[in-house]
2 protein chains.
Amino acid sequence: MKSLVDQVQETLLMGPGPSSVPPEVYSALSQYSLGHLDPFFIQIMDAIKSQLREVMNTTNQITLPMSGTGSAGMETVLVNLIEPGDSVLVLINGVFGGRMKEIATRLRADVDALEFEWGTPVKTADVKAQLAKKKYKLVAVVHAETSTGVANPVEEIGKLVHENGALYIVDAVTSLGGMPVMVDDWGIDALYSGTQKCLSCPPGLSPVTVSERAADVIRNRESKVPNWYLDLNLLMNYWEGATRAYHHTAPINMNYALYAALKVVLDEGLANVWKRHAEVHQYLIERLGELGFTMLVEEGARLPMLNAVVIPDGVEDKAVRGRLLNEHRIEIGGGLGALAGKIWRVGIMGHTARKESVDRLADALKQII
Amino acid sequence: MKSLVDQVQETLLMGPGPSSVPPEVYSALSQYSLGHLDPFFIQIMDAIKSQLREVMNTTNQITLPMSGTGSAGMETVLVNLIEPGDSVLVLINGVFGGRMKEIATRLRADVDALEFEWGTPVKTADVKAQLAKKKYKLVAVVHAETSTGVANPVEEIGKLVHENGALYIVDAVTSLGGMPVMVDDWGIDALYSGTQKCLSCPPGLSPVTVSERAADVIRNRESKVPNWYLDLNLLMNYWEGATRAYHHTAPINMNYALYAALKVVLDEGLANVWKRHAEVHQYLIERLGELGFTMLVEEGARLPMLNAVVIPDGVEDKAVRGRLLNEHRIEIGGGLGALAGKIWRVGIMGHTARKESVDRLADALKQII
């Protein structure tokens, strides 16, 4: 029987992730597997930790890729920092803020949520008012809301959170590698990301970083972390120190790919990468504007890498996306929740963030519509 | 700067996993990424579920690869089935039985453990006596104890567990694809495995299957599964049914690799694969026997794919393993816990299970010792 995988067609991935993958990363993926305690693999692990610190702009000792996708990173940060009854504030303006609330609730935290209209950013004045009312153990927000294309004012919120004395948790799944993410400067205590967005590595790992202050909280928990697989206390014995103790078998080849993907980003230079995303974002607005498309999010709050494009009247959401995929091998994303059928989510992330991607999409849309 | 990953050397992986990977699997790993909701990727997901059912000898509807390594599979099964206060019996004769107890305890189950000497199998008479004393919600055992090389009598234990009325949980991380694992015939209610042992796929996914009886227990929980990432109720909406709802972004390329690895196993035929493992196991005992090595585990309880070899007096554990790796690019595993320094763990799993692997190891050992 012919292998299905041999029949996979190259696709321009312009949805909300995964993004298209550069050749160096595919090549690293298929490099020979090593043992998870092989000294050479440990050298690669150490290199990845350094690369991640550089991309995240942090000196945090605890900086590593978790062996799961972005959602596992979210769960890692919350399950390690939360104990039952802890007071948690989640700022919600899309699917992923909602997911943080759900996870924190399952962990039996005392969760408050401030909700903002989808497609608009978190309002710092509301956050300030809420933080004046109550002391929290932690405050969590999504930097780049992948469900709406909104950038939240993470730096400003950080200042308010620290005045409150809370730990500051940021979801950088979609932002990391596509716009500034300044962990130390912004006072972020725990941050997680994914590999399949602006890092342009296939999904499978979740980079996480934890400040010394948050690490102390984890070390001094009253109860053990209820999730063994994601317990950072245990993981540190594998990812840190002179002797590396077996915890779980790290996804060897996925780590090769992450190493190669981070190298691509750092070789180009972070500032250049951010600039490229911003420029291609402007180019996308321009090209789609010529076709009559408008943006959901107001200028100033738009993410460069994830563009919420309003579907014009008379344009069939699913039919057009289906034709883009089947006839042009271009994937774009549909809306989620209340925005389903109303927007497309067009990703220009990492390797996808090139003018030629935008041209292919605009040309295809012109043909179809 | 030269890429570290480009400097990885091909290594014969004869440790406790990962095992060496066949070319078809490397090639699948580096196939073009698709979106996680692309209809063609969903076709691959469906194919993987069918392949897994075949390899596991089950018709269970809920059969899928979890997006984490084997330990995530262990956590999946336990976190979905256990609610606080549930009575759980864990049978322990090595590291991985101990890990099940640890996870169940963190989930606030009421955990009893029957412990057996490392290097010997679980005694069914003791299990029978314990089950006569107390009614359990679930009983858990490791099929192939990777830490000791012991095969536990999973089929016999299954009968006792069902007389008790408990759910039967089996760890098949190391056994699946290397010896018979008969989920339906043996009355197993939940089983998990890993990709990096006898399936010869790099680590990163954990195949899991759940019986209809166990699925009912999961559907009718009083409390939500405390682990969002591993919640099978949510995952089923992504892996099953006509419309696939986004849960997390599946590790696309790892799934390609698993598909290819399962195809290699099924193309050879399960019976042939088991026979090959058994034959190479005998050949290993013979070749190492000529060099004066003996086995830790008594005949009859030995695993074919994971061989606990007693380190003879005068042979330096770490020095010899280091020379095997550095001079011969052969990895074997050391002992864990009380067996550290006393045994080597020699894996002949999947693609590694060939006489030429054994010859390379025996020839290298002859040179070194």
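Two strands pair if DSSP finds at least two bridges between them. Helices (H or I, at least four residues) and strands (E, at least two) are themselves DSSP runs, numbered from the N terminus. With that in hand, welcome to this predicted model, in which local features need pLDDT of at least 70, side-chain atom pairs count only at pLDDT 80 or more, and totals for chains, interfaces and linings use all residues. Residues are numbered from 1 along each chain as its sequence is written, while chains are lettered from A and ligands numbered from 1 in the order in which they are written.

**Strands of chain B**

| Strands of chain B | Sense | Bridges | A facing pair |
|---|---|---|---|
| Strand 3 (residues 87–92) and strand 4 (residues 110–115) | parallel | six | Val88(B) and Val111(B) |

Between strand 3 and strand 4 of chain B, the chain passes through helix 4 (residues 95–106) of chain B, making a right-handed β-α-β crossover. Right-handed means that, with the strands pointing away from the viewer, the path from the first strand over the helix to the second runs clockwise.

**Helix 4 of chain A**

In chain A, the buried residues of helix 4 include Phe96(A), Met100(A), Ile103(A) and Ala104(A); buried means that 20 or more other C-beta atoms, placed from the backbone, lie within 10 Å of the residue's own. Just after helix 4 of chain A, Arg108(A) has a positive phi of about 65°.

**How the two chains meet**

Chain A contributes 59 residues to the contact and chain B contributes 59 residues, where contact means C-beta atoms, placed from the backbone, within 7 Å. Which helix gives the most to the side of chain A that touches chain B? Helix 9 of chain A does, with seven residues.

Chain A can be laid on chain B by a turn of 180° and a shift of 0.0 Å along the axis, with an RMSD of 0.0 Å, by least squares on the C-alpha atoms of residues with pLDDT of at least 70 in both. The two copies are therefore related as by a two-fold rotation axis. Both copies use the same surface, as 100% of the contact residues of chain A recur in chain B.

Definitions and conventions:
Two residues are in contact if their C-beta atoms, placed from the backbone, lie within 7 Å. A residue is buried if 20 or more other C-beta atoms lie within 10 Å of its own, exposed if 12 or fewer, and partly exposed in between; C-beta atoms are placed from the backbone.
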